[in-house]
Amino acid sequence: MMKLPLLLNQACSQPLYEQLAERIEQLIQEGTLNAGDRLPSVRKLHQQLQVSISSILEAYRLLEDRGLIRARPQSGYYVKVNASYFLAEPTPSTPSLNVCSVDTSLAFQINNAVRHPDVIKLGAAVPSPELFPRKTLNRMMGQVIRTHPEMVHAYDMSPGCELLRQQVAKRLIEAGCSISPEEVVTTNGATEAVYLSLKAVTQPGDTVAIESPTYSGLLEILDALHLRALELPTHPREGLCLNHLETALKEKKIAACAVVSNFSNPLGTCMSDEKKQQLVDLMNVYDTPLIEDDIYGELYHHGNRPKALKAFDQGGNVLYCASVSKTLSPGLRVGWAIPGQSIKKVKALKMTMNLTCAIAPQLTVATFLANGGYDHHLRRLRSAYRVQMEQMQAVITHSFPPETCISRPQGGHVLWLELSPNFDAMALYEKALQNKISISPGIIFSPSRSYRNCLRLNCGLPWSSTVEEALKTLGNLTHQLLATSVEK
């Protein structure tokens, strides 16, 4: 247990709990205590300082009110870096508003280069398997195979496993949706759900309105479907700029709009309920389909689950997509679409594309959702992502150039960094890879290859000295590259 270098003045007129709180705050500001560090227990501090337990509790409560520490039930008190200590936030994006074709060859090259097991994967938005209940899932899959020895080897025609569709419909109640199992189509992950949804409402050559920056996987789907993209200004907290979207709907032929509705990748934005309602209403006015990827919706760090765009959909114009890849198991490839009025087309496309999804993974996930303590697991996972993100933000704040801007998502597990305009994140990517560290340079999140001075980092890895040193190395490399660019 950490022993803090604390010295209190018993004769001072200032209350002891205030002295204690101020001294701990000073240790946080000086970097002696970092985000995620556990503070001594109340009893240990009572023994060390010979101060009453009530005074220590009062000091900890004061530090909580200041946003510097957080209590975790049955675990203790941990340091939480206050947002005022972080670097500035990124500015709202200002894309060119020109329709452009999509070429994802560079993204494929970058993603393919970081598959080596020795590379510290700070680029790919992939959670660590350590955070998932692998033993429980493996046991449940074994039970599923033993209980349904014939079913797991048979075709499971679209719309997919009924038990899974029932559980998905139940889970979506928390997202504000009233969905029947018959409206759900199971898919091989959220990627297939988005692919089928877009294919159902577009034709090759059509234009799709997207957030900017946007998820590189969405760009890969647009590329595969021979669709063009219109990048729209996006705020790092509030999401898509609806004024620009409305102008585009008026002046251009937009076939669909595709967004990551909650804790978007890579910015981490989450629209307010009011703005979600406005977006759905706007798309209805122009009779344009809205593709919603809600894969991060369950990964809120505080409060309650944010509503899905689908919750505001009265006419079936929203095609909802999600999966358990970020919350339970990416390897099981279990996802779903709720295509609304496009359900017949999506079902037909699913049959044509690959006929069905494997039944064993569907039944395993359905069983876990029904009986496996999914909510308990999610509470632990959200806490892990939140703490890991805070720890990364703290190290970035101290290691990267002071002009660096960093996103402040309230959910998910990715961070977006914006450096000075002359910075080249591709050069950082290459230097980092030489040090066996992967990052995602900003240009892969834009069909126009914008955001050359930006990068995305993954907070899905459990905190360790290896991760911390990798971030410090990135900070040093960033300083070096900036110095070189200034000399030129």
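I looked up the bridge partner of Ala-322 in β13 and found Trp-336. Helices (H or I, at least four residues) and strands (E, at least two) are DSSP runs, numbered from the N terminus. This is a predicted model: local features need pLDDT of at least 70, side-chain atom pairs count only at pLDDT 80 or more, and totals for chains, interfaces and linings use all residues. Residues are numbered from 1 along each chain as its sequence is written, and side-chain values use heavy atoms, with hydrogens and water left out.

**Entry: β12 and its neighbours**

I followed β12 to β13 (residues 335-338): four bridges join them, and they run antiparallel. On β11 (residues 290-293) I again found four bridges to β12, this time parallel. There Glu-292 stands opposite Tyr-320 of β12. Two strands count as paired if DSSP finds at least two bridges between them.

I then checked cover on β12 (residues 318-323). Six of its six residues are buried (under 20% relative accessible area; exposed is over 50%, partly exposed in between; 1.4 Å probe, protein chains only). Val-318, Tyr-320 and Ala-322 point one way, while Leu-319, Cys-321 and Ser-323 point the other way.

**Entry: the eight-stranded sheet**

I traced the order as β3-β7-β6-β10-β11-β12-β13-β5, an open sheet with mixed pairing. β3 (99-100) and β5 (185-187) each have a single partner strand, so one side of each lacks a neighbour in the sheet. Further in, I found β6 (residues 207-211) joined to β10 (residues 254-260) by four bridges, in parallel. Ile-210 stands opposite Ala-258 in β10.

I looked for a helix on this sheet. Helix α7 (residues 189-201) lies across β5, β6, β10, β11, β12 and β13, at about 165 degrees to β12. Contact means heavy atoms within 4.5 Å. Axes are lines fitted to C-alpha atoms, for helices over the stretch in contact, and angles run from 0 to 180 degrees between N-to-C directions.

**Entry: the four-stranded sheet**

I read this open sheet as β14-β15-β18-β17, with antiparallel pairing. Its edge strands, β14 (405-406) and β17 (440-441), each pair on one side only. β15 (residues 414-418) and β18 (residues 454-458) share five bridges in the antiparallel sense. Trp-416 stands opposite Arg-456 in β18. Helix α13 (residues 374-399) packs on the sheet and touches β14, β15 and β18; its direction makes about 20 degrees with that of β15.

**Entry: Met-157**

I placed Met-157 in the loop between α5 (134-147) and α6 (162-171). Met-157 is partly exposed, with a relative accessible area of 40%.
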